[in-house]
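Please work through them with the model at hand.

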Amino acid sequence: MADFSTRDPLQAAFWDERFAAGFTPWEARGVPPAFGRWLDSTGAAAGTRVLIPGCGAAYEVAALAARGFDVLAIDYSAAAIARARDALGPAFSGHLLQADFFDFEAAPFDWIYERAFLAALPPQRWAAWGQRCAQLLRPAGSVTGFFFVDESAAEPRRGPPFAVTSVELHRLLDDAFDPRHELVSATRAELTQLAAIDVDPAVPDVGTAAQLLQRVMRSSSPASQP
Ligand SMILES: C[S@@+](CC[C@H](N)C(=O)[O-])C[C@H]1O[C@@H](n2cnc3c(N)ncnc32)[C@H](O)[C@@H]1O
């Protein structure tokens with residue numbers, strides 16, 4: 001492995017250095033097949049607004065745009081955005097933005113899709129991640145993605161990638177999402193079922209006991225609203 005000078009994954013420079021060196025072992029090098037299958041099954045309308053935070057090479061942008069979705073992929077690393085431009089080609093530049101997930105302005109989204117973004121954040125940022133997801137979504141918006149779940153993750157967590165347990169992941173979203181809605185809608189049950197659909201064999205192994213799972217949770221109203 002290259003000898004990197006940046007060690008703090010909270011800094012964009014950490015990711016810039018790795019993208020610049022071509023050290024991106026997390027890349028799926030294409031749209032994860034499980035995500036493509038899930039997209040085919042959703043029947044979501046054209047115009048659905050989708051945010052991809054921490055997008056890296058952002059392969060999913062092309063798949064979402066092909067379905068007529070209004071997709072915005074953001075990354076605070078300039079080198080990551082350059083990588084996405086290379087991977088996607090100039091036709092998709094308008095879908096890419098260099099921005100910090102925790103500090104950018106946008107109209108609300110219907111979905112947040114992520115892959116290996118929560119895993120890029122040290123655990124002290126996880127609560128803020130859950131709150132920010134809720135803030136960025138429309139009522140009944142959803143979070144779906146591939147999360148680095150390891151039920152026996154050791155303390156202290158080391159990373160990236162930082163593993164999360166499924167209990168922790170639920171709690172992160174439960175804290176920010178309105179539980180009253182879940183009680184009346186039964187949506188949670190439907191979507192929790194989806195959570196188990198895939199462990200994608202095409203995704204590179206990122207740890208011995210680790211899996212990348214697709215999970216979908218649905219908010220009612222952002223926690224910031226009355
Ligand atoms: C492990 S990579 C995953 C990239 C991509 N999602 C993928 O699956 O290949 C994590 C990405 O999150 C980005 N990132 C980390 N913190 C961020 C933040 N606060 N705002 C925007 N991007 C961030 C990094 O620059 C990096 O590109």
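**Exercise 1.** In which loop is Ala58 found?

The model is a predicted one, in which local features need pLDDT of at least 70, side-chain atom pairs count only at pLDDT 80 or more, and totals for chains, interfaces and linings use all residues. Residues are numbered from 1 along each chain as its sequence is written.

Solution. Ala58 belongs to the loop between strand S1 (49-53) and H3, where helices (H or I, at least four residues) and strands (E, at least two) are DSSP runs, numbered from the N terminus. Next, consider its backbone: the phi of Ala58 is near 60°, a positive value in a residue other than glycine. Most residues other than glycine have a negative phi, and most peptide bonds are trans. Finally, Ala58 is buried, with 25 other C-beta atoms within 10 Å; a residue is buried if 20 or more other C-beta atoms lie within 10 Å of its own, exposed if 12 or fewer, and partly exposed in between, with C-beta atoms placed from the backbone.

**Exercise 2.** Which peptide bond ending at Pro156 is cis, and where is Pro161 found?

Solution. The bond from Glu155 to Pro156 is cis, with omega near -10°, and Pro156 sits in the loop between strand S5 (137-149) and helix H6 (166-176). A cis bond also joins Pro160 and Pro161, with omega about 0°, and Pro161 is likewise found in the loop between S5 and H6.
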